[in-house]
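Hi,

Here is the structure I promised to pass on to you.

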Amino acid sequence: MSTTSTVRTDRQTGNVRLLGEIERWRHSEPEALRLAHLVTDEVRRTGRHHLADGLLDALDALHRRHCGRDAFLDTFLDAVLARRRDRFRNQTYLALPLVELVRADLGVDAERMSALLMADVVRHERQATGLDTRTRDTRVRHATRFVADVHPVLDVNWLPGDRADAVVEQWFGLTALPVSLEHDEYFFIRALQAHEMVFTTLTDELRAATQALRLGDLTIATARMRRAVDVFDRAAMLFRLVATMRPAAFHAFRQYTEGASAIQSEAYKRFELACGTPSAQRLLSEAFENVPAVRAEAPSLDNFSRAWQDLGARGPAAAELARTVEQLEADHQRWKTTHCSLAAAMLGSAHGSGYTEGVPYLRRCVENRLFDLGSRTKTSTPSPKPAQHGIRSALWLPLFDDLADPLVVARLAAEAEEAGWHGVFVWDHLRWGEPVEEVADPWITLAAIATATERVRIGPMVTPLPRRRPVKLAKETVTLDQLSNGRLTLGVGLGSDRFGLELSTTGEELDDRVRGRMLDESLTVLAAAWSGEPVHHGGEHYTVDGLRLLPRPVQRPGIPVWTAALPGNAGPLRRAARHDGFFPVGVSDPDQFAEMVDSVTGLRAAEGQDPAAPYDVAVALPPGTDPAPYISAGATWWMVEFPWGAVSEDSVRGVLREGPAT
């Protein structure tokens with residue numbers, strides 16, 4: 001007998017057995033948990049979409065006869081019969097009412113429930129057959145990290161339902177009801193369920209912060225908002241898990257999910273309402289049209305933005321709270337951008353499964369803001385001009401002679417921001433060859449830029465990390481990230497003795513290979529220091545024995561790191577693949593640039609890096625250069641490259657007034 005025939009026979013046998021049980025309960029009250037187990041077994045054999053019509057008819061009749069007697073069975077059958085009853089939506093696809101019932105009876109909050117759901121992903125993936133080891137291990141790693149972040153002592157090897165006598169716990173295992181037999185759909189459902197739990201937790205934190213504001217307690221409000229920032233990191237962690245989805249598997253089950261879409265997420269909309277009052281246009285959009293119950297709540301709900309405006313608080317405590325709000329806003333913007341990128345990779349030009357536009361809708365939502373704090377914070381200031389052709393533009397300034405005055409550079413940065421530029425980055429040198437005489441310190445200059453601007457990205461591009469002490473640099477970068485409200489990017493490289501003999505004249509290490517090891521070790525120390533946990537590091541060049549460096553950076557989990565590399569050297573390319581961005585220097589033409597970018601892209605894939613994670617590639621080009629060939633090769637930032645030497649204030653002003661790339 002063929003495999004197909006065997007599967008068909010098994011399905012028929014299971015169907016007959018289940019129909020027999022339903023007939024037995026026709027005139028008596030069904031055993032709810034037993035019936036649900038039998039139905040779930042059938043779902044796992046066929047997929048919910050392929051349940052036989054006769055079986056669905058029998059279940060529908062049984063449910064109508066006994067409805068109201070067992071809440072668990074009612075919500076379970078509502079999900080199973082949703083398509084038949086024309087109620088197939090996000091809520092029923094994910095069996096969210098049943099998830100909430102189980103959560104309530106287990107006595108766990110939404111945060112703990114999200115950890116249990118991810119622990120189930122660990123179990124499911126460990127049992128997988130026919131899945132390549134690398135994909136399986138990546139999923140297990142992401143899910144395990146999520147669980148550890150939420151509940152460090154939770155045993156991922158134990159799940160509700162492991163005890164046969166725990167009735168409520170057994171319902172937990174019946175809350176994943178795939179429409180297909182695709183292995184990937186199970187972890188996809190669990191990830192979306194966890195997503196709902198994350199946003200339920202966020203809503204609780206925002207409401208608590210709002211209540212604290214109403215009581216005038218800025219300390220509690222700030223603590224709640226900081227916790228919201230930490231919780232929001234988990235939404236990004238879930239995207240890293242979903243990014244492991246195999247496209248073929250996704251499209252195989254997606255054809256059966258028409259009518260259910262993330263746009264119908266009630267938890268996310270409640271989070272949005274807890275932050276601020278959406279515009280009338282937003283409330284009338286398809287986003288809220290798909291959640292009428294939530295939209296009806298909007299007029300009666302208090303929110304954080306309204307409470308902030310009513311309080312009118314000022315002073316250091318209010319400023320600290322405002323910075324935390326800005327961090328949550330920035331994290332939300334990055335999350336939406338990642339969501340859009342991931343959807344574009346999976347959907348392409350296809351429409352959304354909830355009868356929506358799909359990716360075009362997500363792109364329009366990227367600029368939406370959660371909070372409206374009025375003129376008291378930077379939230380209400382206009383954003384830089386949208387990046388044209390997908391590339392952002394920055395000034396890349398050598399701090400020599402005219403530009404050795406931090407006040408001059410700060411004024412230029414403010415003018416660049418006003419003109420719509422997206423970033424202002426500076427060189428980091430102790431000295432330069434003739435005719436340059438004066439060289440400014442980059443960190444003091446960046447502090448001046450941070451206080452003169454509100455939106456542009458800033459940072460050293462690049463700092464030679466081997467000639468800096470990593471612990472001191474950790475404090476400097478965090479302080480600058482705080483001062484700039486989370487706008488710092490750290491560019492790093494080996495440094496060179498070629499242009500000003502600044503290594504040899506100061507007794508620094510001259511061997512490139514040794515400096516490469518120092519650079520990698522420093523980056524390890526920096527990442528540990530930014531975590532806020534005690535740093536224990538004993539390496540070849542640096543020792544840190546239990547030092548804890550606080551505060552943490554505004555940006556989580558840490559400050560973005562871009563690494564520089566010259567053509568023809570594999571080591572810096574491998575380093576670039578491990579971090580957040582890449583700055584090829586000394587590139588002669590678009591082809592050479594493309595070759596380096598392709599190498600880094602391949603290395604990132606080989607190391608299992610999340611393809612949906614934000615990653616920047618910068619290119620230095622003189623004013624007037626057409627960036628199009630570099631954009632095609634993967635550039636996301638254009639750095640205006642001035643002559644390598646003294647640059648006048650007027651020449652910089654002339655370039656910045658021409659505006660960013662168009």
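Let's start with R227, which counts as partly exposed because its relative accessibility is 30%. In these notes, buried means under 20% relative accessible area, exposed means over 50%, and partly exposed is in between (1.4 Å probe, protein chains only). Before you go further, please keep in mind that this is a predicted model, where local features need pLDDT of at least 70 and side-chain atom pairs count only at pLDDT 80 or more, while totals for chains, interfaces and linings use all residues. Residues are numbered from 1 along each chain as its sequence is written, and side-chain values use heavy atoms, with hydrogens and water left out.

**Salt bridges**

So what does R227 do with its side chain? R227 meets the side chain of E111 in a salt bridge, at 2.4 Å from N to O. A salt bridge here is a side-chain nitrogen of Lys or Arg within 4 Å of a carboxyl oxygen of Asp or Glu. This pair links distant parts of the chain, since E111 sits in helix α7 (residues 110–126) and R227 in helix α11 (residues 218–242), 116 residues apart. Helices (H or I, at least four residues) and strands (E, at least two) are DSSP runs, numbered from the N terminus.

Another of them joins D60 to R84, with the closest N and O atoms 3.4 Å apart. D60 lies in helix α3 (residues 53–66) and R84 in the loop between α4 (71–80) and α5 (90–93), so this pair ties together parts that are 24 residues apart in sequence. Is D60 buried or exposed? D60 counts as buried, at 8% relative accessibility, whereas R84 is partly exposed at 41%.

D650 is exposed, with a relative accessible area of 59%, but R653 counts as buried at 12%. Some salt bridges also share partners, and in that way D57, D60, R64, D78, R84 and R85 are joined into one network.

**The sheet**

Next, find the strands. Nine of them form an open sheet with parallel pairing, in the order β3-β2-β1-β11-β10-β9-β8-β5-β4. β3 (457–460) and β4 (463–464) stand at the edges with a single partner strand each, so one side of each has no neighbour in the sheet. Two strands pair if DSSP finds at least two bridges between them.

Follow β10 (residues 616–621) for a while. How many of its six residues are buried? Six of the six are. In a regular strand, side chains alternate between the two faces of the sheet. Both faces of β10 are covered, with D616, A618 and A620 buried on one side and V617, V619 and L621 buried on the other.

β10 has neighbours to trace, too. Strand β9 (residues 581–584) runs parallel to β10 and is joined to it by two bridges, with F582 having V617 as its bridge partner. Strand β11 (residues 637–641) pairs with β10 in the parallel sense over four bridges, and there L621 has V640 as its bridge partner. Elsewhere in the sheet, β1 and β2 (residues 423–426) also pair in parallel over four bridges, and L395 has V424 in β2 as its bridge partner.

**Charge on the surface**

Finally, colour the surface by charge. R134, R141, R145 and R240 gather there in a patch of positive charge, and α8 gives the most to it, with three residues. R141 is in helix α8 and counts as partly exposed, at 32% relative accessibility. A patch of negative charge brings together D402, E434, E437 and E438. D402 is in the loop between β1 (392–397) and α20 (406–418) and is partly exposed, at 42%.

Patches are made of residues with over 30% relative accessible area and no salt bridge, with like charges joined within 9 Å and nonpolar side chains (Val, Leu, Ile, Met, Phe, Trp, Tyr) within 5 Å. Accessible areas come from the Shrake-Rupley method with a 1.4 Å probe, and for residues only the protein chains shown count as cover. Lys and Arg count as positive and Asp and Glu as negative, while His and the chain ends are not counted. The place of a charge is taken as NZ of Lys, CZ of Arg, CG of Asp or CD of Glu.

Cheers
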